Amino acid sequence: MSEALYVRQIPDNLNIRFVENRIVVKRPAQEVYDWVTTWSNLPKWLPMASGTEVRRGTPDVPAELGDVLLENIVPDLNEKPKLYTVVARVPGKLWTVVGRDVLEDGTPAPSMHAIATFTTFDLGDGTTLFCRLFERLIPPTEPAGPHPVEDPARIQPGLELLKAHIEGTAA
């Protein structure tokens, strides 16, 4: 197949960018869903997260609709912390959070900055397809081109780590 036949569906110069990563985990869908939607597990696998603080909800159980998390970002990305709120939840299947930057004075930015959706699909053989879709609104002051959080190659090793934790093979 010729490269000319492939056209990116969403060009990098739009005001929103998307990245999707997928992995098959050898565990039932509900188990995968429960693990990935538990706030305290986020820094164990997501390469951008240096730490989390639950602002509303319980750290060691799956997050519920309306729960809120403060995510600190690894310093080398020079990013503001993010405040995420669970806005959609279908237990065992789908979970969506909307994020806002936390400003220098500690208050949340007035508008959302990112949307992350986790979905789990039962493949029928005791395994689960886990998908992470991340959408990021691009501020007009940001240079053109993808940001590290939009790079599938930076996120995929995190999904490998997620898989290892859930399957019990993490070092």
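The model is predicted, so local features need pLDDT of at least 70 and side-chain atom pairs count only at pLDDT 80 or more, while totals for chains, interfaces and linings use all residues. Residues are numbered from 1 along each chain as its sequence is written, and side-chain values use heavy atoms, with hydrogens and water left out.

Seven strands form an open sheet in the order S1-S7-S6-S5-S4-S3-S2, with antiparallel pairing. Strands (E, at least two residues) and helices (H or I, at least four) are DSSP runs numbered from the N terminus; two strands pair if DSSP finds at least two bridges between them. S1 (16-25) and S2 (49-56) stand at the edges. Each has a single partner strand, so one side of each lacks a neighbour in the sheet. Neighbouring strands are turned by 20° against each other on average, direction ignored. S5 (residues 94-101) pairs with S6 (residues 114-122) over six bridges. Valine 97 stands opposite alanine 116 in S6.

Helix H1 (residues 29-36) touches S1, S4, S5, S6 and S7, contact meaning heavy atoms within 4.5 Å. Its direction makes about 160° with that of S6. Axes are lines fitted to C-alpha atoms, for helices over the stretch in contact, and angles run from 0 to 180 degrees between N-to-C directions.

Eight salt bridges are present, each a side-chain nitrogen of Lys or Arg within 4 Å of a carboxyl oxygen of Asp or Glu. In one of them, lysine 82 and glutamate 79 have their closest N and O atoms 2.8 Å apart. Glu79, Lys82 and Asp101 are linked in a network of salt bridges.
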